[in-house]
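Here are a few notes to read alongside the model. Please keep the structure open as you go through the points.

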Amino acid sequence: TITPTLKANYFALGSSSTAAANADTTLGTETIRAAFTDRSSYTNIAYLDVFFPSTSVGGNSYLEAGIFVDGTASANTGYLLSRVIINQTLGSAQTLTVNCSITIS
């Protein structure tokens, strides 16, 4: 086995609207995290999908999102691969499906 595995395994949402920067190692304020429900790749593209049920995200607002490598279910663990600023407000019965793709060239 190789440590770290360098596999993107968690996606997190947060509430900070601070601009994303190259020096970021965590989200500004992580509020929820889930393991990717599907990971696949083709040629030089990784496809990562995650589903959040309404019981987890319904009625909430999110201002940031991030992909983590070698993380655990605990907030702020693993290596931050990507962080973006978003503006997503969900109704109380809404679910959230996130589909990410990463191209290496």
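1. Which residue stands opposite Ser40 in S4? The residue is Tyr47. Keep in mind that this model is predicted.

2. Now take the strands around that pair. S3 and S4 run antiparallel, and 5 bridges join them. They belong to an open sheet of 3 strands, in the order S3-S4-S7, with antiparallel pairing. Strand S3 (38–42) and S7 each have a single partner strand, so they stand at the edges and one side of each has no neighbour in the sheet. From one strand to the next, the twist averages 15 degrees.

3. Next, the interior. In soluble globular proteins, nonpolar side chains tend to be buried together. Here the largest nonpolar core has 18 residues, and Phe11, Leu13, Phe52 and Val57 touch the most other members. At least two residues of this core come from each of S1, S2 (30–35), S4 (45–52), S5 (61–69) and S7 (96–103). S5 gives the most, with 4 residues.

4. Look closely at Phe52. Beyond residues up to four places away in sequence, Phe52 touches several others, including Phe11, Leu13, Ile32 and Val57. There is also a second, separate core of 5 residues, and Tyr10, Ala12, Leu27 and Leu80 are among them.

5. Finish with Asn9, which lies in strand S1 (residues 8–14). Is Asn9 buried or exposed? Asn9 has a relative accessible area of 18%; the cut-off for buried is under 20%, so Asn9 counts as buried. Its side chain reaches the backbone nitrogen of Gly71 at 3.0 Å. Apart from neighbours within four places in sequence, the contacts of Asn9 include Ala34, Phe36, Arg39 and Asp70.

How values were computed
Residues are numbered from 1 along each chain as its sequence is written. This is a predicted model: local features need pLDDT of at least 70, side-chain atom pairs count only at pLDDT 80 or more; totals for chains, interfaces and linings use all residues. Side-chain values use heavy atoms; hydrogens and water are left out. Buried means under 20% relative accessible area, exposed over 50%, partly exposed in between (1.4 Å probe, protein chains only). A polar contact is a pair of N or O atoms within 3.5 Å; within protein, one must be able to donate a hydrogen and the other to accept it, and residues adjacent in sequence count only if both atoms are side-chain atoms. Contact means heavy atoms within 4.5 Å. A nonpolar core is a set of buried Ala, Val, Leu, Ile, Met, Phe, Trp, Tyr and Cys residues joined through side-chain atoms within 4.5 Å. Two strands pair if DSSP finds at least two bridges between them. Axes are lines fitted to C-alpha atoms, for helices over the stretch in contact, and angles run from 0 to 180 degrees between N-to-C directions.
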